[in-house]
Structure formats: structure tokens, C-alpha cells
Amino acid sequence: MVDIFSSLTELLAPSSCTFCAARTDGTELCASCRDALPWNTVACPRCALPQAHDGLCAHCAQHPPPFAAAWAPFRLAPPVRQQIHALKYQATFRHAQLLGRLFVDRLRTREAPVPDVVIPVPLHPTRLWRRGYNQSVELARALRRDGLRVEPRWAQRLRRTADQIGTDAVARRRQVAKAFAVDPRVAGLRVALLDDVMTTGATLAELARTCRRAGAAEVEAWAIARAP
Ligand SMILES: [Zn+2]
Ligand SMILES: [Zn+2]
């Protein structure tokens, strides 16, 4: 159903801006609203942390994460923060389409080679059943439409983790230890993991470790937005 809806909206090519209703040349955002988005322009290449200088952040210089690179085109700030929240808790799928397309646009400007496979971070089956969808899988649809190989079934969440809001980094890391299983087909491949938001990176780090143990050649961590 979501796919039918998105192909319909593509067919009807919007001619006004999603945010300010100004007329556009068929795109969803006018140039000034697009420029005003919280782009994560200067960030640590290993953890995507927004910062004022190029190169590794102080934390990655001391403790490099288990993924080779991290990339998030946005900072977690308005209006992206509200869009992700609405996608996650109110099933606002049009936000997934817009954010996914902006993600893909920005991805095309990267110099790094595209990965062999993109794996959205899985939800535990209980949470998936309650919510009815996985927001990371919804965001990955735009990547698949752009020709990337997306394999949502290649990772499974074995353990339920408590809602991570308000838990500190050490507690988060303990919660996610051995939380995942991955398909052995990751062996030898360059993998990108996709999450909606990267906060401490503990979830992405644990899934990256699981992929490396399964023989993945390289693992990148991708998120739509990076929390500061
Ligand atoms: Zn606008
Ligand atoms: Zn870093």
C-alpha cells in the first residue's frame, strides 16, 4: 500500500513546498527550506558526530568504533526531529519518503563507494508486532528505489531492549550486548547498517560487531539523523 501511495505521489509530482507551500519546480521542497534543513555538514568520519572541525572527534581518536565509517546527513534538530518522531510513533510514512529521498540525494554526493548491501536495524519481533512496521525499513525504501540492495531480513533482534531514552552510554551498551543475529551471506560483503537516529551508536556498534563476526568485509553505520 505504501508503494502504491509513493508511486502515485511521484506521478503527481508536487509543485508546492512541503514546509512553506511556496511554488516549486516540481520538487517537494523549495530551495530555501532545503537549505534551512539541519544538514550535518562537518562531522566525525567514524561516528558522524557534528563538530566544528574535520577529522576524528576526541572520543573516536581514543576509542574507535567497530564500524569503519559513520554517516548521517542530518543533525537531530527541527524539523527533521519532528518528522522522525512522527514516522516512529504516528506512522507518518510520507516523512519516510521525503527523508529517504533527501538521504539518497546526499548519498549520491559522497565519494565513498556504495556498499554491497544495506541492512536496516531490526526491531525485536514483539516491538515490530506492536508498532506494525519498522521505521528503518520504511526509510530504506527510498534506497532500494535508487538501486541499492536492501536486505531487511538479514538481521534479527534476539533480545528486547528497554526504551533507550534517558539511559546512559554504559547502560545502553550493556543492554545491546549480543542482541543480534545476522545472515551468514554478509560474509565478504561491504555492509551499511541503516538506523533512523544514531545517538550513542551503541546499537549500531553491536550490530556492526555481529556483522564483522559473521565475516563482513567492511561495515558502515548510516542514520538519517545524528543526535549531538
Ligand atoms: Zn519551502
Ligand atoms: Zn567520532
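Tutor: An axis here is a line fitted to C-alpha atoms, for a helix over the stretch in contact, and the angle between two axes runs from 0 to 180 degrees between their N-to-C directions. Please keep in mind throughout that this is a predicted model.

Student: With that in hand, how are helix H4 and helix H5 placed, and at what angle do they pack?

Tutor: Helix H4 covers residues 80–90 and helix H5 covers residues 93–108, and their axes are 8 Å apart at an angle of about 135 degrees.

Student: Why are H4 and H5 called oblique to each other?

Tutor: Angles over 145 degrees count as roughly antiparallel and those from 65 to 115 as roughly perpendicular, while the rest, apart from angles under 35, count as oblique. The angle of H4 and H5 is about 135 degrees, so these helices are oblique to each other. Their crossing is left-handed.

Student: What makes H5 and H7 oblique to each other?

Tutor: The angle between H5 and H7 is about 45 degrees, with the axes 8 Å apart. An angle must be under 35 degrees to count as roughly parallel, and roughly perpendicular begins at 65, so H5 and H7 are oblique to each other. The crossing of H5 and H7 is right-handed.

Student: Staying with H7, which residue caps its N-terminal end, and how do you know that?

Tutor: The cap is Asn 134, which has a side-chain oxygen 2.8 Å from the backbone nitrogen of Ser 136. A polar contact asks for a pair of N or O atoms within 3.5 Å, and the 2.8 Å in question meets that limit. Helix H7 itself spans residues 135–145, and among its buried residues are Leu 139, Ala 140, Ala 142 and Leu 143. After H7 comes Gly 147, with a positive phi near 100 degrees.

Student: What makes the site of the zinc ion (ligand 2) tetrahedral?

Tutor: Cys 44, Cys 47, Cys 57 and Cys 60 coordinate the zinc ion (ligand 2) through their SG atoms, at 2.3 to 2.4 Å. The angles among these four donor atoms are 104 to 114 degrees, within the range from 85 to 135, and the site is therefore tetrahedral. The spacing of the donor residues in sequence is C-x2-C-x9-C-x2-C. Cys 47, in the loop between helix H2 and helix H3, and Cys 60, in helix H3, are 13 residues apart and link distant parts of the chain.

Student: Are Cys 47 and Cys 60 buried or exposed?

Tutor: Buried means under 20% relative accessible area. Cys 47 has 9%, so it is buried, and Cys 60, at 3%, likewise counts as buried.

Student: Why is Ala 21 called exposed, and why is Ala 48 called buried?

Tutor: Exposed means over 50% relative accessible area, and Ala 21 has 54%, so it is exposed. Ala 48 has 2%, which is under the 20% limit, and therefore it is buried. Ala 21 has a positive phi of about 65 degrees although it is not a glycine, and the phi of Ala 48 is also positive, near 65 degrees. Ala 21 is in the loop between helix H1 and H2, whereas Ala 48 is in the loop between H2 and H3.

Note on methods:
Residues are numbered from 1 along each chain as its sequence is written. Chains are lettered from A and ligands numbered from 1 in the order in which they are written. This is a predicted model: local features need pLDDT of at least 70, side-chain atom pairs count only at pLDDT 80 or more; totals for chains, interfaces and linings use all residues. Side-chain values use heavy atoms; hydrogens and water are left out. Buried means under 20% relative accessible area, exposed over 50%, partly exposed in between (1.4 Å probe, protein chains only). Helices (H or I, at least four residues) and strands (E, at least two) are DSSP runs, numbered from the N terminus. A polar contact is a pair of N or O atoms within 3.5 Å; within protein, one must be able to donate a hydrogen and the other to accept it, and residues adjacent in sequence count only if both atoms are side-chain atoms. A crossing is left-handed if the near helix is turned anticlockwise from the far one by less than a right angle, and right-handed if clockwise. Donors are N, O and S atoms within 2.8 Å of the metal (3.2 Å for Na, K and Ca); water is not among the atoms, so sites may look incomplete. Four donors count as tetrahedral if all angles lie between 85 and 135 degrees; four count as square planar and six as octahedral if opposite donors are over 155 degrees apart and all others between 65 and 115; anything else is irregular.
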